[in-house]
Amino acid sequence: MSQKSVCVYCGSRNGANSAYSEAASAFGTMLAQEGWRLVYGAGDVGLMGEVARAAQSAGGDTFGVIPVHLLKREVGKTDLTRFVVTETMHERKKVMIMNADAVVVLPGGPGSLDELFEALTWRQLGLHDKPILVMNVDGYWDALHELVQRVIGQGFADESLADYITWVDDPASAMSTLRGFLT
């Protein structure tokens, strides 16, 4: 049985609510304890840094992917199990999702939204069938959930789009859900 890998999209900032950092840290620890590899954007800042440092501290395998132009801005975390530098953001996203069995989105900004919607679009188009979880820590993604429902309700996507996203509230729920998908 091969090791499972979970791609985590999250902020390069910590955000205004300490619950976001706590969730990122807890999730990184849980991934490592489960024996699953963390695949993420290779930054050592914000929630990205939190999830990676927690996974490392718990003995986890870490796979980071960063484009060359973000090495300084996101403080490329070179002490990962595997550290990959790409030329472009598009390559980064492709390498990340192709090296994962599932996607989990923690709180984040425009980059996290971009990554989520690309993974969601690829799933809709049949380019992958990996589960996509959105961790709605303290209701951070409530407006996004409403937007997805509005897109469907206004006829811009089929109702099946809603089936491609699993909404969870915390790291424990995410892990329980992932176990159902990955085992």
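This is a predicted model: local features need pLDDT of at least 70, side-chain atom pairs count only at pLDDT 80 or more; totals for chains, interfaces and linings use all residues.
User: Why is K93 called buried?

Analyst: The word buried stands for under 20% relative accessible area, exposed for over 50%, and partly exposed for what lies in between (1.4 Å probe, protein chains only). K93 has a relative accessible area of 5%, and therefore counts as buried. K93 belongs to helix 3, residues 89-98; helices here are DSSP runs of H or I with at least four residues, strands are runs of E with at least two, and both are numbered from the N terminus.

User: What makes the pair of D114 and K93 a salt bridge?

Analyst: A salt bridge requires a side-chain nitrogen of Lys or Arg within 4 Å of a carboxyl oxygen of Asp or Glu. The closest N and O atoms of D114 and K93 are 2.7 Å apart, and the pair forms a salt bridge. This pair links distant parts of the chain, with D114 in helix 4 and K93 in helix 3, 21 residues apart. At 37% relative accessibility, D114 is partly exposed.

User: How do you know that K93 and E118 also meet in a salt bridge?

Analyst: The N to O distance between the side chains of K93 and E118 is 2.9 Å, and they meet in a salt bridge. K93 is in helix 3 and E118 in helix 4, so this pair ties together parts that are 25 residues apart in sequence. E118 has a relative accessible area of 17% and is therefore buried.

User: Which residues does K93 contact, apart from its neighbours within four places in sequence?

Analyst: K93 is in contact (heavy atoms within 4.5 Å) with D114, E115 and E118.

User: How many salt bridges does a search of the whole structure find?

Analyst: The search finds seven salt bridges. One of them joins the side chains of E34 and R179, with an N to O distance of 3.1 Å. E34 lies in helix 1 (residues 18-34) and R179 in helix 7, so the pair ties together parts that are 145 residues apart in sequence.

User: Why are E34 and R179 called partly exposed?

Analyst: E34 has 30% relative accessibility and therefore counts as partly exposed. The value for R179 is 34%, so R179 counts as partly exposed.

User: Why is R123 called buried?

Analyst: R123 has 19% relative accessibility and so counts as buried. R123 is placed in helix 4, residues 110-124. Apart from neighbours within four places in sequence, R123 contacts H128, D129, K130, P131, I132 and Y164.

User: Is L161 buried or exposed, and why?

Analyst: With a relative accessible area of 7%, L161 is therefore buried. L161 lies in helix 6, residues 160-163. Its contacts, leaving aside neighbours within four places in sequence, are L120, Q124, V148 and I152.

User: Why is D138 called exposed?

Analyst: D138 has 59% relative accessibility and therefore counts as exposed. D138 is found in the loop between strand 6 (132-135) and helix 5 (142-153). The phi of D138 is positive, about 50°, although D138 is not a glycine.

User: Why is V75 called partly exposed?

Analyst: V75 has a relative accessible area of 39%, so V75 is partly exposed. V75 is in the loop between strand 3 (62-67) and strand 4 (82-86). Phi of V75 is near 50°, a positive value in a residue other than glycine.

User: Why is D169 called exposed?

Analyst: D169 has 52% relative accessibility and therefore counts as exposed. D169 has its place in the loop between strand 7 (165-168) and helix 7 (171-182).

Conventions: Residues are numbered from 1 along each chain as its sequence is written. Side-chain values use heavy atoms; hydrogens and water are left out.
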